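Here's a quick tour to read alongside the picture. Take a look at the model first, then work through the notes below.

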Amino acid sequence: MLTRDIPSTMSDEDVIKEYLATQNSAYFDILYKRYSGKIFGKCISLLKEEAKAADATQEVFMKILINLSKFSGKSKFSTWIYSITYNFCIDMIRREKKDPSLLVDDIETKYDKEDDVEDIYLLEMKVKRLKIILEEIPVMDKSILLMKYQDDMSIKEISEITQKSESAVKMKIKRAKQKFRKTYKEIYKED
Amino acid sequence: MNNSFKELEKLHLEQFEKKSPDIKNKIEGETSSYKFIGDVLDLYFNKVMGVFVAMTGGEVDAQNNPDKPNSNPTD
């Protein structure tokens, strides 16, 4: 069977079932087409370097293929693979000790007293500036903002990936937005 | 409402286009190596286990030994 013979409307779950049953590479092609770009996007946002992001995309995809039979279908397939991607990149950064914020859990409370940051503040920002700010903020804050605003994950889904309670996730999102605004103000003083 | 995060994702997808074929080839190469190793294990695992069992003084299950064509008494 060729990739073009597979209906584009076929659900991820059905593609996985067929791939596991037949090992036909056409089903792998479908999964690769649907998700490789998005995985690369997350890797480059977190790892910052294109070459590292390319290597990480390859390794994440291999992890996904090796563990495909373990996907239970409890969560959406996209949530499952993004979870593997985020965890892989965070582990990589932790190993390289490039982000000190990963070494301790965020217990700061000073941001709590600040005002909430409206979603529109982040969503209406120029992409070039967004990219620069994301490169500056700690990786955990960046991850949580990407999960919420790029992957449209619910609080429940983020809490499953980060293994934190839903209320802790809400607090982390609030703090990440505050850190984002603080960093923005530091960089673009004129605004 | 705009979503600058989605726009950033689009930029990354464009950036990925150039890298995509190379990454795909590497993944396919790696999966074929895994498949090859799996096939080799499938083929020889029983034999290796049989030799191991025989060496440790056990008796190889004749029914499951593919080296003995007449090992199944019902045939």
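Let's start with a ground rule: two residues are in contact if their C-beta atoms, placed from the backbone, lie within 7 Å. By that rule, the contact between the two chains takes 24 residues from chain A and 21 residues from chain B. Keep in mind that this is a predicted model, where local features need pLDDT of at least 70, side-chain atom pairs count only at pLDDT 80 or more, and totals for chains, interfaces and linings use all residues. For finding your way around, residues are numbered from 1 along each chain as its sequence is written, while chains are lettered from A and ligands numbered from 1 in the order in which they are written.

**Where the chains meet**

- On the side of chain A that touches chain B, the elements giving two or more residues are α2 (25-47), α3 (50-66), α5 (119-123), α6 (127-136) and α7 (139-149) of chain A.
- Helices here are DSSP runs of H or I with at least four residues, strands are runs of E with at least two, and both are numbered from the N terminus.
- That side of chain A has 15 nonpolar, six polar and three charged residues.
- For those classes, Ala, Val, Leu, Ile, Met, Phe, Trp, Tyr, Cys and Pro count as nonpolar, Asp, Glu, Lys and Arg as charged, and the others, Gly among them, as polar.

**Chain B**

- Chain B has one helix and zero strands.
- How much of chain B is buried? Buried residues make up 9% of its 75 residues.
- A residue is buried if 20 or more other C-beta atoms lie within 10 Å of its own, exposed if 12 or fewer, and partly exposed in between, with C-beta atoms placed from the backbone.

**The two domains of chain A**

- Chain A splits into domain 1 (1-98) and domain 2 (104-191), with bounds that come from an automatic or database domain assignment.
- The C-alpha centres of domain 1 and domain 2 of chain A sit 25 Å apart.
- Each domain of chain A puts 11 residues into the contact between them.
- On the domain 1 side, α2 and α4 (77-96) of chain A are the elements that give two or more residues.
- The largest share of that side, six residues, comes from α4(A).
- By class, the domain 1 side has five nonpolar, four polar and two charged residues.

- α2(A) is mostly covered, with 17 of its 23 residues buried.
- α7(A) has 11 of its 11 residues buried, so the rest of the structure largely encloses it.
- Among the buried residues of α7(A) are A:D141, A:K142 and A:K148.

**Backbone spots to check**

- Most residues other than glycine have a negative phi.
- A:Q23 has a positive phi near 55° and lies in the loop between α1 (12-22) and α2 of chain A.
- Is A:Q23 buried or exposed? A:Q23 counts as exposed because it has 11 C-beta neighbours inside 10 Å.
- A:D152 also has a positive phi, near 55°, and is found in the loop between α7 and α8 of chain A.
- A:D152 is exposed, since 12 other C-beta atoms lie within 10 Å.
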